[in-house]
Amino acid sequence: MTESPRFSPVRWIVRQWTEGRSAALWLVGAVIGVVAGYAALGFILAIEVTSYLMFGADHELLVSGVSGLPVWQIMLAPVAGGVIVSAILYVGFSRGWLVENRTGAVADVMEARAARGGQITLADGLLSAAISAVSLGSGGSAGREGPAVHLGAAVASLIARILRLPPRAIRILLACGAAAAVAASFNAPVAGALFAFEIVLGHYALRSIAPVAIASVTGALISRAHLGATPAFSMPELSPAGLLDLPGVIGLGLMSALVASAFVLSVIHAPRVIGQTAKQIGLPIWALPPVGGILIGGLALISPEILGVGYEATATALAGGYAIPILILLVGMKLLATAITLGFRFGGGVFSPSLYLGAMLGAAFGGVLALTGAETAGVPFYAVVGMGAVAGAALGAPLSTTLIVFELTASYEASVAVLIAVSLATVLSQALAGGSVFHKQILRRGYDLSRGQARVLLQTIRVREVMTPMRPDEAGADFDKDAPCLFEDDYLGKAIGFLSAEALDGTVVRSRTGDQPIVGYISRTEAHAAYAQALAEAHEEEHR
């Protein structure tokens with residue numbers, strides 16, 4: 001009879017750490033909350049400095065700031081910003097510091113979590129933040145939250161690599177960085193944590209709740225310590241809603257789906273169309289921003305409300321400060337301006353523009369209801385509901401945006417109305433646009449996260465990770481060198497499909513280098529066993 005091994009506290013602690021289960025991750029989450037929170041504040045400060053250099057105004061108050069400026073300065077600022085962005089893009093991509101000839105954002109964090117073992121380089125995060133700071137400070141019509149999330153995740157990835165943590169722990173820490181960045185940007189810790197679960201991680205496993213929550217609260221506390229306890233933009237006092245507002249909320253949800261779909265499609269297709277056009281005329285991608293700056297400057301002469309993150313215009317709409325025709329014009333202008341900004345490779349995110357669009361739509365909708373003489377909760381109420389509905393549907397984050405509205409307004413009635421509207425808007429926009437902004441961006445890079453982690457595993461596990469290594473002379477003389485085979489960099493999904501289609505129990509694996517020597521052998525059993533093991537590990541990570 002064999003004795004059971006004695007319990008060793010040291011061995012238990014080491015095992016918990018190496019498997020990413022240790023409560024020490026809570027402490028690491030707090031550290032990441034501090035670093036990512038200050039990184040987000042530094043990013044905001046960089047935008048502010050750029051804005052004062054370009055316009056002499058606060059980047060959150062550009063509408064008022066540019067009102068007395070000469071036309072040449074309003075036109076020149078986005079162009080000058082574009083020149084600087086072009087220079088950083090050229091240097092960053094040519095040196096290999098940027099993963100692609102563009103800035104990183106939330107979709108890159110989601111891709112890193114799902115397909116790259118949580119790996120984001122700090123250089124990519126810093127350069128993307130620098131480009132986005134210049135872009136937004138010089139008038140680029142985009143959001144600051146996406147770049148902040150990417151920067152926070154890059155910091156978290158670096159800390160995880162220094163600590164030599166396993167991939168599952170790195171993925172949790174990525175979510176910590178994202179949560180802290182969102183919490184610091186909006187001063188909304190609950191929404192920051194939920195955004196990390198809903199968008200970055202894609203699950204609510206018990207082991208990830210504590211470190212993500214700690215990081216989010218820490219990021220919010222840092223923001224409050226330096227920027228005060230006020231929200232990102234001022235919120236109006238909301239009138240109580242009644243049963244008569246329910247039809248209006250439903251109708252606004254349907255309208256929000258249309259605007260969210262238009263926003264998703266414009267953001268997704270603008271970079272592709274503009275990039276292809278530039279290639280046809282021989283213009284390099286890195287040279288696009290100054291051209292976009294000219295267009296942004298021209299739009300700003302018509303509607304300065306499209307400049308920058310748009311917080312001032314959003315707050316004005318929430319307060320009912322625009323007439324209905326102006327609100328409708330601003331929806332169209334913002335759609336165009338954001339598509340130009342991102343299509344011409346300025347840096348920035350999509351969170352703020354989606355909030356802007358929703359606020360304008362909701363205010364216009366509430367204004368129309370007011371003209372009918374109906375007893376409603378008023379324009380500010382519908383502006384808040386529209387803000388949450390459009391943003392939640394466009395980003396694929398209905399719960400996060402509902403909580404952001406609740407934390408910004410402290411209104412239970414408005415939050416319930418947002419939940420109703422965003423539910424309708426999300427379902428309809430998914431059907432019309434084919435997915436959220438983030439998921440469609442990842443889909444264009446070859447990963448379909450809408451079908452779950454099971455599909456992603458087939459797209460990320462390489463044959464070299466599964467095969468049995470072997471020397472060329474071990475293959476046997478009877479092997480047909482011209483017969484179809486697998487290569488070591490093929491994905492597991494291709495291997496399983498190939499073995500099934502060819503009715504093979506196994507095949508040799510070749511290298512793509514030189515004369516393509518044989519480097520291994522993979523059997524159908526090995527391929528399916530590797531897939532089953534990866535599924536089991538993913539299931540455990542998502543449910544424990």
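A salt bridge is a side-chain nitrogen of Lys or Arg within 4 Å of a carboxyl oxygen of Asp or Glu, and by this rule the count comes to 3 salt bridges. The model on your screen is predicted, so local features need pLDDT of at least 70 and side-chain atom pairs count only at pLDDT 80 or more, while totals for chains, interfaces and linings use all residues. Residues are numbered from 1 along each chain as its sequence is written, and side-chain values use heavy atoms, with hydrogens and water left out.

**Stop 1: D490 and its partners**

Select D490 together with R512, whose side chains meet in a salt bridge with N and O 3.1 Å apart. D490 lies in the loop between β2 (486–487) and α21 (492–501), and R512 in the loop between β3 (506–510) and β4 (518–523), so the pair ties together parts that are 22 residues apart in sequence. The helices (H or I, at least four residues) and strands (E, at least two) named here are DSSP runs, numbered from the N terminus.

Is D490 buried or exposed? D490 is buried, with a relative accessible area of 5%, whereas K494 is partly exposed at 47% and R512 is partly exposed at 43%. Here buried means under 20% relative accessible area, exposed over 50%, and partly exposed in between (1.4 Å probe, protein chains only).

**Stop 2: R144 and E60**

Next select R144 and E60, which form a salt bridge whose closest N and O atoms are 2.8 Å apart. R144 lies in the loop between α6 (122–137) and α7 (145–162), and E60 in the loop between α2 (24–54) and α3 (62–65), so this pair ties together parts that are 84 residues apart in sequence. R144 is buried, with a relative accessible area of 3%, while E60 is partly exposed at 22%.

**Stop 3: the strands around β4**

Two strands pair if DSSP finds at least two bridges between them. Which residue of β4 is the bridge partner of V508? The partner of V508 is Y521, and Y521 is also the bridge partner of T468.

**Stop 4: S261 in α11**

Move to S261, which has its place in helix α11 (residues 245–280) and is buried at 5% relative accessibility. A polar atom of the S261 side chain lies 2.8 Å from the backbone oxygen of A257. Leaving aside residues up to four places away in sequence, S261 touches S429, L432 and A433, where contact means heavy atoms within 4.5 Å.

**Stop 5: a nonpolar patch**

Finally, select L246, I250, L254, M255, L258, F406, Y412, V416, I420, L428 and L432, which form a nonpolar patch on the surface with about 960 Å² of accessible area together. Patches are made of residues with over 30% relative accessible area and no salt bridge, with like charges joined within 9 Å and nonpolar side chains (Val, Leu, Ile, Met, Phe, Trp, Tyr) within 5 Å; accessible areas come from the Shrake-Rupley method with a 1.4 Å probe, and for residues only the protein chains shown count as cover. Helices α11 and α18 (412–433) each supply at least two residues of the patch, whereas F406 is found in helix α17 (residues 398–409) and is partly exposed at 36% relative accessibility.

Conventions:
Polar contact = N/O pair within 3.5 Å; in protein donor to acceptor, adjacent residues only side chain to side chain.
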